[in-house]
Each structure stands twice: as structure tokens, then as C-alpha cells.
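I opened the model to look up a few local features. My notes are below the display.

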Amino acid sequence: MTSPVQLQHYIDGAWVPGTGSPITSSNPARPDEVVAQGLQAGPAEVEQAMSAAVAAKREWARTPAHERGAVLLRAAVVIEQNAEAWGLELAREEGKTRAEGQGEVLRAAQIFRYYGNDGDRTAGEIFSSPRRGEKILVTRKPLGVVGVVTPFNFPIAIPAWKIAPALAYGNTVVWKPASTVPLLALRLAQALDAAGLPAGVLNLLIGPGSMGNSIVEHPALDGLTFTGSTGVGRRLAAEAAGRGVPVQAEMGGKNAAVVLADADLDLAAEQVMLGAFRSTGQKCTATSRLIVAEAIADEFLATLAERANALAVGDPADPTVQMGPVVNDGARKSISDGIDTALSQGARLIAGGQKYDDDLASGYFIPPTILELPADQELDVWREELFGPVLAVRRAATVEQAFELANDSEFGLSAALFTQDVTRALDAIDDLDVGILHVNSESAGADPHVPFGGAKKSGYGPKEQGAAAKEFFTHTTTVYLRGGTAGV
């Protein structure tokens, strides 16, 4: 067992201890094992961080895009060089498998590299003017000081896809990560520090959820980007909107996979399993609902049950393990209660469901669970996001009914469709109201060069990633440019 990492905050280019209450990050596979510890930031650190970001914003905004990008590219190298070690730390702190942890760290490097090269892309537009001797330019400027609030489930990738574009487009950042996963936040800030990021451009504050309110309420805030629960996101968005502060928010998901009768069933089973149980189901794009065609339902569900029961669950640091624990005891209890409620309401248990009574009992483990719901009864598990390894299943008699069931949610983040009929795939593009649609692949997954975000109540404000990020992190200035010669 390694000694706990000592947590510090990164403010105005310096590493400083906190003045708040103690904070401890524990291994969810072995809760007695402390991964990192320190003191939380308090109101004084929030004020210092905001002041530093304000002081740095003009010079950073005036720094040429290629110079800003060079810092991000150097940070990408640091992240990549530490992928193995930081991936293991991620597994120990958050609970996803070691391979997934390393993959996430490498994804963060990829994101920094993508935005580090943004200086070579279009910086604005020129429009024709109806007046002689004039050009109309549309330029872009950074918002200023951006608050970044990130969740536990992707402790380095989600911060990367917010912080990298924020910095690339010339903003300064005050970042509050989830207090359950502070170590990877520390590592990301260390990478930027090592890359030579100027003082005050990024400020890291580790603290309780209420600190998000302190950041949003600060008069110096120019924008807020948030990923997390729907309830928290709506509260922060309301507070920011009341002050005219733009908000980008990614919130809940209750994503459906639709398996039609003509689908490649082996492929569909593999991908549904990955969507439902990779990362222990703790991601907003996870497959938490399955709609399967009646004609192949018995065969398909039997295959899923066999595969779910065969998953190797255990310590995520073990390279042979396929699924680790959920993040903490509160999550384990909430998910277990959701399963129990579904069973009491009439769900049929297809796989999992039981509590572990062996070596896994001391950790925060939930077995991969599949529940078939009755056709004529509304169950809570169909609508509520448990954020864990639980898949709710319903059968559909027709394609039309399958699409209706897929749309039967207030959320619209992601969906997956399995079919070999291109006409059905084209219908799904029109009929399924989601921000991300996968055809013949799992519902999770997002590449950094294309927009990411949900429809309906899953998202608020401009999309993330790719060129879409520019729509949030910058505003336009339309310039009417005319020469000074009279009569031109």
C-alpha cells in the first residue's frame, strides 16, 4: 500500500494548502485505504482564485493562439508520459478498471492535443459588405473568467474537454472538481503547471459541493461550464442566469439501446454489455434502458444474462477484472435501493441483483444487474437514473413501439440502435430525439473533434467538444471595416 498523496490547491501559479475542513479520498474497492488527503479550500481560497483569474485574463486573452496552444501541447506530453501511473491512481480513486483508467488519461492527452492545435484553424469570418470599400469581419473573443465544475465519473477526461477549449480560446479558469476524486484533478493541474501555464490562468479549488455556489455567485464570473446531476445543474444554471452569466451544462441521461429483430445479435449483446456495465455504469451516456424486439427477446436476454453473470467483478487495479466498484457507499446504497424498489414493483430479475457476501462485501460493489419490466406497468427504474450497473429491459412488438419506448424519457443524451436495415437506421435519425445516436455500437463514447451534448433535459446551452466548444467559450464581435480614404 502506498502512502496517501497530500492534496493542495493551485492558485495563481502556486501550490497552497487549504484552510477548510479535512478531505479524504478512499479506494472504493477497499474503503479503509486512503488514496489522497488534505484540507479543503475555504472562502479565502475562492476569493484568491477568482482574483488571480481576473488579474490574468487580459494578458492570456492577448497571448497569440499558437502560444496558448503550445502550452496545451506540452501538457498533453506530460499527461501521456504519466498515463500508466495516473491510470492506476484513477482506478484506485474512482473505481473504473485499470485499463479504463489508463485509457481515460490518454483521452485527456488527446483532447489537449486537439485544442493545442486550434491556432491552425479558422479564427473568424469575413462577409461581403453592401457598401463599397468595406469588409465585415466576425471575430471571436474569450468570455473571461470561466468557472468549471466537474463530476467524479471521468475525473480527468471531462475536466480536459472543458479546460482545454477554455484555455485555447483565451479564458482563465477557476475549477472545482468533485470532492470524491481530487487526486486526478491535482494531476491535471500539475501537467499544466509543468507545461508552463502562466500564473492565474488555471486555479484549482478542492472543496465541497457548496463551493460551486460560491463560484457561481462571484461577481467576477463570466461563464460557467458544468457536468453533473440534473438537480445541481439546474440550480447553478438558475443562479447564473439570474445574473446574466452564460451556462453550458450536461446533466442527466437515461439512455436506451434498441435491438431490432434483424440485428447482429452477437454484436448487439457485446455492445449492450459494454454500454451498460463498462465504468460500472457510472457515466451519463451509459446504456440504462434496453428495448428488444419481441421476436428475439428470449434468445437475446438469455445471452445477456449469461454474459453479465460471467463478468469478472473485483479490485479494478487487477488487470483481469472487468468491472470495479461504484464510487462510494452512498452510491452503493442508492443503487441497491433502486434495484429493490424495481423488484418490489414487479420487475423480473434476469441477472445480478444480489448483494455480495464474500471478499467483495467490504467494498462498494454492485453486481451487473438486468431487470425485465412488465409491459403494462410503470416502474421507477424506467425513468430514474440510478447511475450504476443496472439495465432495465422492455419488449417491443413493432419498430414503431420500440422507438416510442426509446423516446419515453425526459432525457435525450444518447441512444444506440442495432439493425442491419439502413432504412430503419435513417428512420431512427429522424425519430429518436437524442443528442448522440450510435448505430450498431454502444450508447457511450464521444470523440473530441465532434459535438457532444444532449437533447431535451439532458443538456443546457451550447454543446461541448469539437468546434462546437467555441460557441460557448467565446463571443463574437462583428466589425465593419472601412478604409479612411474619402469617397471610397
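I am working with a predicted model, in which local features need pLDDT of at least 70, side-chain atom pairs count only at pLDDT 80 or more, and totals for chains, interfaces and linings use all residues. Residues are numbered from 1 along each chain as its sequence is written, and side-chain values use heavy atoms, with hydrogens and water left out.

Entry on Glu464. I placed Glu464 in the loop between strand E22 (459-460) and helix H15 (470-473); helices (H or I, at least four residues) and strands (E, at least two) are DSSP runs, numbered from the N terminus. Glu464 has a relative accessible area of 2%, so I list it as buried (buried is under 20%, exposed over 50%, partly exposed in between; 1.4 Å probe, protein chains only). I found its side chain in polar contact with that of Lys162 at 2.7 Å and with that of Trp161 at 3.3 Å. A polar contact here is a pair of N or O atoms within 3.5 Å, one able to donate a hydrogen and the other to accept it; residues adjacent in sequence count only if both atoms are side-chain atoms.

Entry on Gln465. Gln465 lies in the loop between E22 and H15. I read a positive phi near 65° for this non-glycine residue. Gln465 is buried, at 0% relative accessibility.

Entry on Thr280. I located Thr280 in the loop between H9 and strand E14 (287-293). Thr280 is not a glycine, yet its phi is positive, at about 55°. Its relative accessibility is 1%, so Thr280 counts as buried.

Entry on Glu270. I assigned Glu270 to helix H9 (residues 265-277). Glu270 is partly exposed, with a relative accessible area of 38%.
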